[in-house]
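Here is a short report on side-chain contacts and a ligand site. Please look at the model before you read on.

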Amino acid sequence: MRLQALREKTAGCRRCAHLASFRSQVVFGVGNPHARLLFAGEAPGAEEDRLGEPFVGPAGKLLTRMIQAMGLEREDVYIANILKCRPDLPPGTPGNRRPTPEEMETCLPYLREQIGIIQPEVIVALGATALEGLTGLRKGISTLRGSFLDFQGIPLLPTFHPSYLLHNPSLKLKRQVWEDLLLVMERLPLPISDRQRGFFLTKAQP
Ligand code: SF4
């Protein structure tokens, strides 16, 4: 009920007037309100803005496959962005824009409140922008991935954004992300089969 009340409050938010005029709708978040695992991303893209759900475009489909590889479904976890409205772009400009620090600062109280209500046991920050928004850290994901940080007492693991994986589909990178997710599975804990432990490994080390 608290999450639903927050969703309704957020739906009419106009704290960022320029984003409120550009967006189709606020993309609040999706998933299990009692999730033990929360994925935090950057901001809605065009598809997310149209459908009102985070991570539904190509990067979202990859995230879904990552979640399923962990033995879970999207409905088991919670998925939200640090920015709830699509960053505006000049008319006709394709692609997406990184949120500004001011936009992140303005919107972050909503994600903090979501996390406070859901109280996940582990947070995965997807990409450098989500990591910066949540922790203020500006070091790259390559430097910080692979070990847990802390977000208000909750273990937070940074890893690469799925869209980065789509643009750099190397087996080494996939394995790095998978090793991060294995750390999350160990932390929760979730059962891990030998097959899961070996994902993206056999071909990388023939
Ligand atoms: S980005 Fe966040 S704070 Fe800004 S208008 Fe949208 S919901 Fe409100």
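## Around the ligand

Eleven names to find first: the ligand is surrounded by Cys13, Arg15, Cys16, Leu19, Arg23, Leu83, Lys84, Cys85, Thr106, Cys107 and Tyr110. A residue counts as near a molecule or strand if one of its heavy atoms lies within 4 Å of it. Helix α5 gives the most to this shell, with three residues. Helices (H or I, at least four residues) and strands (E, at least two) are DSSP runs, numbered from the N terminus.

This is a predicted model, in which local features need pLDDT of at least 70, side-chain atom pairs count only at pLDDT 80 or more, and totals for chains, interfaces and linings use all residues. Residues are numbered from 1 along each chain as its sequence is written, and side-chain values use heavy atoms, with hydrogens and water left out.

## Charges over rings

Lys84 belongs to the ligand shell. The charged end of Lys84 also sits over the ring of Phe28, 5.9 Å from its centre. Arg187 does likewise with Phe148: its charged end sits over that ring, 4.7 Å from the centre. The rule asks for NZ of Lys or CZ of Arg within 6 Å of the ring centre and within 35 degrees of the ring normal.

## Aromatic pairs

Two values describe a pair of aromatic rings: the distance of the centres and the angle of the planes. Rings of Phe, Tyr and Trp (its six-membered ring) pair if their centres lie within 6.5 Å; planes under 30 degrees apart count as stacked, over 60 as edge-to-face and the rest as tilted. By this rule the count is three aromatic pairs. Phe160 and Tyr164 are stacked, because their ring centres are 5.1 Å apart and their planes lie at 15°. Is Phe160 buried or exposed? Phe160 is buried, at 6% relative accessibility. Buried means under 20% relative accessible area, exposed over 50%, and partly exposed in between (1.4 Å probe, protein chains only). Tyr164 is partly exposed, at 39%.

Trp178 and Phe199 form a tilted pair, 5.1 Å centre to centre with 40° between the planes. This pair links distant parts of the chain: Trp178 is in helix α9 (residues 171–187), Phe199 is in the segment after α10 (194–197), and they are 21 residues apart. Both Trp178 and Phe199 are buried. Together with Phe200 they form one aromatic cluster.

## Salt bridges

Side chains of opposite charge can pair when their charged atoms come close. A salt bridge here is a side-chain nitrogen of Lys or Arg within 4 Å of a carboxyl oxygen of Asp or Glu. The count comes to ten salt bridges. The table shows three of them.

| Salt bridge | Distance, N to O |
|---|---|
| Arg97 and Asp88 | 2.5 Å |
| Arg98 and Glu132 | 2.9 Å |
| Glu186 and Arg197 | 3.0 Å |

Take Arg97 and Asp88. Arg97 is partly exposed at 21%, and Asp88 is partly exposed at 23%. Asp88, Arg97 and Glu103 are linked in a network of salt bridges.

Next come Arg98 and Glu132, which meet in a salt bridge. This pair links distant parts of the chain: Arg98 is in the loop between β3 (78–81) and α5 (101–118), Glu132 is in helix α6 (residues 128–135), and they are 34 residues apart. Arg98 is partly exposed at 42%, whereas Glu132 is buried at 13%.

Glu186 lies in helix α9 and Arg197 in helix α10, so the pair ties together parts that are eleven residues apart in sequence.
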